[in-house]
Structure formats: C-alpha cells, structure tokens
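Here is a short briefing for a first look. Start with the display below, then read the points by topic.

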2 protein chains.
Amino acid sequence: MSGLRDLKKERTRQALSDAAIALFLARGFDRVSVADVAAAAEVSKPTLFRYFDSKEDLVLHRAADHFGEAARVVRDRAPDQTPISALHQHFQRGLDERAPTTGLCDAPDVLAYHRLVFDTPGIAVRLRELTAEDTASLGEALRAAAPDDLMSRLVAAQYAVVREILARENWAKLASGRTATDVHPEAAAAADAAFGLLARGGAPHGY
Amino acid sequence: MSGLRDLKKERTRQALSDAAIALFLARGFDRVSVADVAAAAEVSKPTLFRYFDSKEDLVLHRAADHFGEAARVVRDRAPDQTPISALHQHFQRGLDERAPTTGLCDAPDVLAYHRLVFDTPGIAVRLRELTAEDTASLGEALRAAAPDDLMSRLVAAQYAVVREILARENWAKLASGRTATDVHPEAAAAADAAFGLLARGGAPHGY
DNA sequence: ACAACTCGGTTATGTTTTTAACTGAGTAAC
DNA sequence: GTTACTCAGTTAAAAACATAACCGAGTTGT
C-alpha cells in the first residue's frame, strides 16, 4: 500500500486541494481558473482532472475524508451498543474535539472554508450529492444491524438531517462571534435532545 | 526550456545530489548505499541512475556547474582582453567572492565537501576525469582566439595546473585553521604571480 | 570451499505525467 | 450577429517514473 507511487499520489492530491482552497479563499471561486490551481500545485491541467472530476470537487476533498464515517461508526460499534447510541456518542466526541463536521470549530480557516462551501452554489450542490451517498451507505450499514430496508433508510435519513441541523445551529452561533467553548454546553444539550428524539421517538408535548 | 518537466527534473537532480552529499558526510561514502540515497531523495533506484552515471557522480554534480566555466570566460571576454588576462581576472573575482573553486571558502560545509571529494579515491579519480574534459574544452575556446592547436592545449593545461595548485594552496592554509579573510591577501598575491608567469613566461632567476 | 548476503548497476513493463492541441459553452465588443 | 476571448473539461503521444526482477563482483560466515 505504501510505495513511492502512492506516497506521491497522496501528496499531489493534497497539494491540489490545498492550493485550490487557498486560491478560492483569497480571490473567490469564480475568479480562479483550474489552470491557476494546477499551476499553483505545480501539475498540468490533465493531471488535475485525473485527481478530481470537477472544479468543485477540489474543495470538497478536504471534507470527503469524513464521508462514510457514519457507516463505519455503526459497523465498528461495541456489540452491546445500538447504532443510534454509537452515532450519538461519536457526535459528542466530535463536539469535544471541535471537529469541523459538528459545526463547533471556530478556527478561522475552518470558518472561512465553511463560507466558501456554502456561499458557492456549485460546491453546495455537489456537497448535497455527496451527503446523499453518505446517507445511503449509512443505510446499508444499518440494514446489517436490523434487516429492514425501509426502516434503515428512514433512520439514516433522520440521522443525516439531525446532524445537519445540529451543525448548522452550532455554525450559526459561531458565525455570530461566540467561541466554541462558550457554545459547547448548549451544543451538547441540543445533541442529547436530538439523538434522544431519534432513539426514543418521543416528541415533546405539543408536537 | 522552463516547463514543469524541466523544473521537476532539476529538482530531482538537486534532491539526489543533496541527499547523497548529506548522507556521505554523515556516515561515510562507503557506508551509504545508492539505495539509501534514492530512498532519501524519494525516487527509485533506476531513476537515480537515469540522472547520474555512477555513485561518484552524485557528489561531483555540485561542482559540475563550474565545469566549462573557464571556456565560457574566454569566449565571453571583452574584445580587447587576452584570454589569460580574462582567466586571471575571473580567478581574482572568485577569490573576492570566496568561491569554492578557488579553495578560499572557509564555510564549514564546503570544507567538509572538499574532504569528502579528496578523501574518497573513487570520487577524486572521477574529478580528475571531469577536470580533464574541462581543460579540453578550454583548449577549444583558446583555439578560437589563436588558432594554434598545440599552443592552445598547452596554455589550457597550464591554466588547469595553475588553478589547481593555487586552490590546493589556499585550501591547505584554511585546513590548518586560518580564516579566508586572513589568507586572502597572500592568495591574491600568489594568483598574480602564477598568472603573471603564465602570461609573460618569465620564470624568476634560478629556474 | 560453499552458501547467503550486500552492493553497484541494468533491464522490462506498466503506470503516471507533461505537453499541446482540441471541444463546447458562455460572454464581451463592435 | 459575428468575432474574439476565456474557461471547464478532454484527448493523443511522448517523456519520466516505480516496481520488481536480474547480473556480477565482492564479503561474510560456516
């Protein structure tokens, strides 16, 4: 797995992704051509497209490591743990570690990256596509735990929307100027409430 | 001349040469294999031999930039200047700039490189071969100035031996602990004397 | 004396990359 | 409305590369 070939491939991927994000943040997505990115990463244009299928994917590669994470968490959970509990626990650990996927990371470059992704229509669209695939693969992982196709897809979709709303909530609070450590308690409480709803299904009175 | 291709080629050359010299200085020429050098430069062994014909050439590449320099100096001299005067002037400028080829550079890494070259028989032999080629090309340049084959070869050979003795003299003085600025005056005087002998041919009384 | 190993150097093969040219869509100029 | 330009994405051919295998000479250990 680790020869010179794969080592240099990974370096080229990273160089392209890093150069692209840096340029997009500095000058704006539309004011940077793929030729600029290739030049900054010191590769040719065909090589760029051998690593990434589109200009948008250059940006999403940084987040793509986390795609498939939910499915993996479910598959690798302790035998006596429910899938939802494992996902809940994993999200809480993400909050503690200020993982960017939870929306609770106030590092300036992460916030800038966030804005880049969601303020650029093409990228946001592509992100939703990838998120849909991620949700589908979580659905498969869940089907291994309880072989009910429809229910697996339902739970996967609910997890996806829960995670997205929680992250968006946290990100909005950070965008208003508060710090991650300041927001953390209410983020944890919100996660507990959301995952509790997902697990026990009991919506509060009035719903 | 300057595409991505040549840029990366030059980088690989430099990486190989630098890695080799660093390893040879740290562990000794014989205690480092070409595989070690290739690994340190992050290329494969066949690639190493595509850039350098032998293990010894890895070391001499650093000095190889200066090969052909004498011929170039002669070709590019001012029209009213004799070849020997141009070479003399160039050597004096080298002394002023503490150029490694003059032997008057007391930078520790340069001294260590010097020892590596001359204390390793294989490298020293190869250096003499390359120096011989350098002398031959100087001979051709001289022949353009005064089309006498034998005389051109004679003057080229004399220049080569003059340069070598002057450099060896300077290097020996530095090796005994003195600084380059301390040695510089006598080095300049010695160069004047040597090139004067070469130009006017008048050996002092007693020879 | 023999087997196992190391090292400098080489070769065959498939993969990756550069280069230069191209397509097709959009856009600004006139 | 036509010309000229820019950009994302593609293609073909040649250069460079990694990998794994090999050769021959020299060492070491037994």
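Along its sequence, chain A reads α-α-α-α-α-α-α-α-α-α. That makes 10 helices and 0 strands. The model is predicted. The points below cover chain A first, then each DNA strand.

**Chain A overall**
- The C-alpha atoms of chain A fill a box of roughly 55 × 40 × 30 Å along the principal axes.
- Chain A has 207 residues, and 28% of them count as buried.
- Among contacts in chain A with a separation of 6 or more, 62% join residues 24 or more positions apart.

**Around DNA strand D**
- DNA strand D is surrounded by 20 residues.
- The closest are Gly3(A), Leu4(A) and Ser33(A), along with Ser44(B) and Thr47(B).
- From chain A, α1 (4-27), α2 (34-40) and α3 (45-51) each supply at least two residues of this surface.
- The most comes from α3(B), with 4 residues.
- By class, the surface near DNA strand D holds 7 nonpolar, 6 polar and 7 charged residues.

**Around DNA strand C**
- DNA strand C has 20 residues around it.
- Nearest are Ser44(A) and Thr47(A), together with Gly3(B), Leu4(B) and Ser33(B).
- At least two residues each come from α1 and α3 of chain A, and from α1, α2 (34-40) and α3 of chain B.
- Here α3(A) gives the most, with 4 residues.
- The surface near DNA strand C divides into 7 nonpolar, 6 polar and 7 charged residues.

Notes. Residues are numbered from 1 along each chain as its sequence is written. Chains are lettered from A and ligands numbered from 1 in the order in which they are written. This is a predicted model: local features need pLDDT of at least 70, side-chain atom pairs count only at pLDDT 80 or more; totals for chains, interfaces and linings use all residues. A residue is near a molecule or strand if its C-beta atom, placed from the backbone, lies within 6 Å of it. Ala, Val, Leu, Ile, Met, Phe, Trp, Tyr, Cys and Pro count as nonpolar, Asp, Glu, Lys and Arg as charged, and the others, Gly among them, as polar. A residue is buried if 20 or more other C-beta atoms lie within 10 Å of its own, exposed if 12 or fewer, and partly exposed in between; C-beta atoms are placed from the backbone. Two residues are in contact if their C-beta atoms, placed from the backbone, lie within 7 Å.
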